[in-house]
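Please read the following report with the sequence and the structure side by side.

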Amino acid sequence: MKQRFEDVRAAALTAWHDATIHATDPPPTAAPDALWAWIATNHGCNRDLWAQEDAARRTDVPATAIAANKRAIDGFNQRRNDAVERIDETLLGRLTDVFPLPDAWHNAETAGAMIDRLSILALKIFHMGI
């Protein structure tokens, strides 16, 4: 029987994030479903945010261009946060019959936030290599 979270192990997420750094339309995963669609949306927003933040640091354009970048950043951040929430909801759906032990470890970040962090780290590693 397939484990509930086999498809979202850190190694699989990291490899997928690295493989889709340049993709404007990321390739489907081995098991396309709602979870991976939200992971792809999140990673796409992070890629677009990176580009907009780079563009917003320009000094050779009028202030109106920078304002447009800042508005785009706000929109991508909202979509990114929405995707993280959908990742969490989808993962929680896999836990319908799981009950934590009373002494179970609690994390401050949600699984969706951790997946988002892996996406950002993949982008940082890529861009630092350039």
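L92 is found in helix α3, which spans residues 63-93 (helices, H or I, of at least four residues, are DSSP runs numbered from the N terminus). L92 is exposed, with a relative accessible area of 56%, where buried means under 20%, exposed over 50% and partly exposed in between, for a 1.4 Å probe and protein chains only. The model is a predicted one, in which local features need pLDDT of at least 70 and side-chain atom pairs count only at pLDDT 80 or more, while totals for chains, interfaces and linings use all residues. Residues are numbered from 1 along each chain as its sequence is written, and side-chain values use heavy atoms, with hydrogens and water left out.

Helix α2 (residues 34-56) packs against α3 at an angle of about 160 degrees, with the axes 8 Å apart. That makes α2 roughly antiparallel to α3, a term for angles over 145 degrees.

The count of salt bridges comes to 6, each being a side-chain nitrogen of Lys or Arg within 4 Å of a carboxyl oxygen of Asp or Glu.

E85, R86 and E89, in turn, are linked in a network of salt bridges, and R86 counts as partly exposed at 24% relative accessibility.

Methods: Helices (H or I, at least four residues) and strands (E, at least two) are DSSP runs, numbered from the N terminus. Axes are lines fitted to C-alpha atoms, for helices over the stretch in contact, and angles run from 0 to 180 degrees between N-to-C directions. Angles under 35 degrees count as roughly parallel, over 145 as roughly antiparallel, 65 to 115 as roughly perpendicular and the rest as oblique.
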